[in-house]
Amino acid sequence: MKRIYVKEEACIGCGLCQVYCQTEHSQSKDIIKAFKKESPRPLPRVWVEARENVSFAIQCRQCSEPWCVYSCLTGAMHNDPVSGLITVDAERCIGCWTCIVACPYGALTKDTSNNTVVKCDLCPGRDIPACVANCPNEALVLSEDGEKG
Amino acid sequence: MRTKYLIIGNSAGGIGAAEAIREADEENILTIISDESYPVYSRPLISKYLTKECTLDKMLYRPADFYAQNNIVFLPDRRVTHLEPSHRTAQFEDGEHIIWEKLLLAVGGTPIVPKIGGRERKGVFTFTTLNDAKAVDKFLENGVKKAVVIGGGLIGISATEALVKRGIEVKIIEMKERVLNTIIDEQASLMAEEALKQAEVKIITGHTVAEISGSDALESVILDNEEEIPCDLVVIAIGVSPRTELALDAGIKINRGIVVDCHMATSHPDIYSCGDAAEAYDFVYEENRLTPIWPNAYVGGRVAGYNMAGIDKEYPGGTAMNSLNYFGIDIASAGITTLPNSNNYEVISKQDGSIYQKVVLKDDFIVGMIFVGNIEKSGIVFGLMRDKVNVGSFKQSLLADDFGLAFLPRKLWQERLETPPELAYSNRRHWSN
């Protein structure tokens, strides 16, 4: 079971995780094209929360008791029994946002361009998610543990 | 027929139970009975069926091979009419019976149809099942131009939106003084009504329909003040009541719904219930209540399923929680949104143009919330409500423009972020504390 953790002491809130997340989820996977040419601009699946001297990045916690999956009205949200990854099937998502109200982390976001929810998918096709790989302070770490928290 | 597990009802609750049972027990016979013809579909999507945005295929809540994949005996188009708990049998309409060891009544609710004269006329519909949506869809072929929707609750508004999208002029008749009055407060209702009016929906509040009149075709509804409103279609959407007839037949304890304990067990130890039929624990009111919403049905069903399969799980409790997006306006609401007559509640609210946010507190615990316009962080507030977190020290931050987990005290966000157990990778040589 893979999930991403943040070391808050090392996060300076630079936002590069967001930038690389957006790039990874763009059509071109090119940072300049993703930000300058693509419309709509790809949405990040990770956000930096900052307040006073505290900052940390947050993305889907891949919960073992996923309220978003339990609350999904259409069955678009799915908890993969093997990988433990929480996925969303954009074809079946109707943008009712019940999952957003159900998520205690605020880790889901609306994609208003196609009226579906978007979330961290741990970057399929990459061994190391883009946010982790590109954090200059190694504040983001990928952990592979047996238990889901 | 014989089954270890019998689930009556094939919607969110029944499927939640079936999935939990199959996590715990892959072997024993599991049977689901439905009085509908379809594999499990999303009831909330019937309005999108009516607008033709969704076909049945797209409405399916689980893949079409769900039953086969999970080794489930699925009996569609069957209705159980009698239960004999002492013999552990359920009897079908045709007299055939099935013997069960553990039974789940996930039978849902039935639309309330008041005794309005003319309610049996052609062109009068309820709107809770796919068959209802199909019937309305077919009736629209007759060239319907004007519709009356009786009831300005969730189902009424959802039916209204679908009809408007089909090019029909709709009037909503709401008995109380405002639409959506059970789930949002006055201010949010006002905003919803504004959005409805923008779509040229007319809303008549404070009145009921006394009669539905017509001859072969519908002609009009007549209100309690004798006002006559011409229409060729009527949708009755004043609410849903729990289907308790089987529980009644079985001698199980019923209050407003089928009463269940924290294991979702009824007063009979081998019979469980969940969803719209059941009266389960509401963590806001701290008592058993009807909370007929899809997520609670699924979670309650899941808990029932585990317990039916011998795994001890407790229902964490649910409350009324809704995310609405009709007519282009997003509304999230949960718990107590309209204050009872009491001084024990504190309200924090904020309005800025099309954005409205409100949190209701009791003794520094969140007991209700409304988010209109900007709902993206409402889940954090709902989570604090569900987890019963004392928010006294940071309650004023709950409605901050850039509100997020970082606004919570360190201990709370640390718990939520968790500490990494073991590190498979960090992007440099090592990572030390």
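**Two chains, term by term**

Student: Which residue of β20(B) stands opposite B:D282?

Tutor: B:E287 stands opposite B:D282. This is a predicted model, in which local features need pLDDT of at least 70 and side-chain atom pairs count only at pLDDT 80 or more, while totals for chains, interfaces and linings use all residues. Residues are numbered from 1 along each chain as its sequence is written, and chains are lettered from A and ligands numbered from 1 in the order in which they are written.

Student: How do you know that strand β19 of chain B pairs with β20(B)?

Tutor: Strands are DSSP runs of E with at least two residues, and helices are runs of H or I with at least four, numbered from the N terminus. Two strands pair if DSSP finds at least two bridges between them. Three bridges join β19 (residues 278–282) to β20(B), so the pair qualifies; the two run antiparallel.

Student: What makes β17 and β20 of chain B edge strands?

Tutor: In the open sheet of order β17-β19-β20 (chain B), with mixed pairing, β17 (258–259) and β20 (287–289) each pair on one side only.

Student: Why is chain A called as compact as a globular protein of its length?

Tutor: The radius of gyration is taken over C-alpha atoms, and the globule rule is 2.2 Å times the number of residues to the power 0.38. For 149 residues the rule gives 15 Å, and chain A has a value of 15 Å, close to it, so the description holds. Chain A comes to five helices and eight strands.

Student: What share of chain A counts as buried?

Tutor: A residue is buried if 20 or more other C-beta atoms lie within 10 Å of its own, exposed if 12 or fewer, and partly exposed in between, with C-beta atoms placed from the backbone. By that count, 49% of the 149 residues of chain A are buried.

Student: What makes a set of residues a nonpolar core?

Tutor: Its members are buried Ala, Val, Leu, Ile, Met, Phe, Trp, Tyr and Cys residues joined through C-beta atoms within 7 Å. The largest such core has 183 residues, and A:A57 and B:L104 are among those with the most contacts inside it. Helix α9 (residues 294–308) of chain B gives the largest share, eight residues.

Student: How many residues of chain A are in contact with chain B?

Tutor: Contact means that C-beta atoms, placed from the backbone, lie within 7 Å. On that basis, 41 residues of chain A touch 41 residues of chain B.

Note on methods: Contact = placed C-beta atoms within 7 Å.
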